[in-house]
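Have the structure open as you read.

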Amino acid sequence: PDWARIVGKGGFGSRNYGLWVTADGRPDSEFAFGKIQGADAESPTAIPLGKWTHLCMRYRRGTANEIYMDGKLMKSVTVSNNDPNMSDEPMTIGYAGYHTQWRGEIARVRVFNRALDAEEIESAARAPPPLKCTGKVELFQHNLNGKVLRVGVGRYDYRAVVGAIGNDQASSIRVPPGCIAEVYEHNFSGRKSVFSAGTYDYAAYTKKAKDNDASSMVVKDAR
C-alpha cells in the first residue's frame, strides 16, 4: 500500500496542495510551505469502502489546515504560514505523478478561491451521491420500435450505430436512471445532443437531435 492523491497541484519537489489518502485509507489535507511541505491534517478514521464519501480539505489563511469527511471535521492543525507554495504544474485528479494512482471512483471535484464555511461544507456533503449507469440505453430506428441499438456504458462509433439502425435513422431513445446518452451527428464530432434519464419519443428526440442525427453515441454515468 502507498499514498494516493485524489486531487492536487504540484510535483514531488514543487508541491502546492493535495487531498491525499494515506496507505491505511485515511484522508489527508496537505498544503505545502517552504522546501517540501507543512503540517498535514490527517483524519483518524479511514474512508469506508463500498460507498460514496464526501471529502473536503480547507485552508484558513494563517490559521488552520483542516480535513472533513461527510461534512464532519475530522482533524484541524494550526498553521502560522499565510500563503502555501505556488506551482506552475497543472492540477491532477487521481494521480500526483509520484506515489500511486487512486484505485476507486472520483466525482464532482471542485476547487474554490476562498475557504468555505462549515455550513457550506455540510450542505455539499448532504448532496445525493452520483448515480451509476447500470442499465441499457436503447436507440430506436422508429418511434420506440423497429431496429434498436441496446448498449451500456461505453463509446459506440459510426460502425456500431450504423450497423445496428442505419445512418441518421434514429427516431427515439430510452435512457435508464443513472445514465446519460450523448448522440453525435458525425463520428464523435458535429452536433451533439445530450439525453438524461427518460423516454424520448419521435417528437422529443427530433426536437434535440434534428434531422434524425445519430452516427455515434457515448453512454456514461450521470454525475
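## Pro90

In this predicted model, Pro90 has a relative accessibility of 57%, and the cut-off for exposed is over 50%, so Pro90 counts as exposed. You'll find Pro90 in the loop between β7 and β8 (91–93).

Which residues does Pro90 touch, leaving out those up to four places away in sequence? They are Gly8, Lys9 and Gly10. Take Gly8: it sits 82 residues from Pro90 in sequence, yet the C-alpha to C-alpha distance is 8.6 Å.

## The three-stranded sheet

β7 also belongs to an open sheet of three strands, in the order β5-β6-β7 and with antiparallel pairing. The edge positions go to β5 (55–60) and β7 (72–78); each has a single partner strand, so one side of each has no neighbour in the sheet. From one strand to the next, the twist averages 15°.

Zoom in on β6 (residues 64–69) and β7, and you'll see antiparallel pairing over six bridges. One to look for is Glu66, whose bridge partner in β7 is Ser76.

In soluble globular proteins, nonpolar side chains tend to be buried together. Here, the largest nonpolar core has 21 residues, and the ones touching the most other members are Val137, Leu139, Ile173, Phe195, Tyr205 and Met217. At least two core residues come from each of β9 (137–140), β10 (148–151), α2 (158–165), β12 (172–175), β13 (179–184) and β16 (216–221). β13 gives the most, with three.

There's also a second, separate core of 17 residues, including Tyr17, Ile47, Ile67 and Val77.

Methods
Residues numbered from 1 in each chain as written. Predicted model: local features only at pLDDT ≥ 70, side-chain atom pairs only at ≥ 80, totals over all residues. Heavy atoms only, no water. Pairing = 2+ DSSP bridges. Helix = DSSP H or I, 4+ residues; strand = E, 2+ residues; numbered from the N terminus. Axes fitted to C-alpha atoms, helices over the stretch in contact; angles between N-to-C directions. Core = buried A, V, L, I, M, F, W, Y, C linked by side-chain atoms within 4.5 Å. Buried < 20%, exposed > 50% of the residue type's maximum accessible area, 1.4 Å probe, protein only. Contact = heavy atoms within 4.5 Å.
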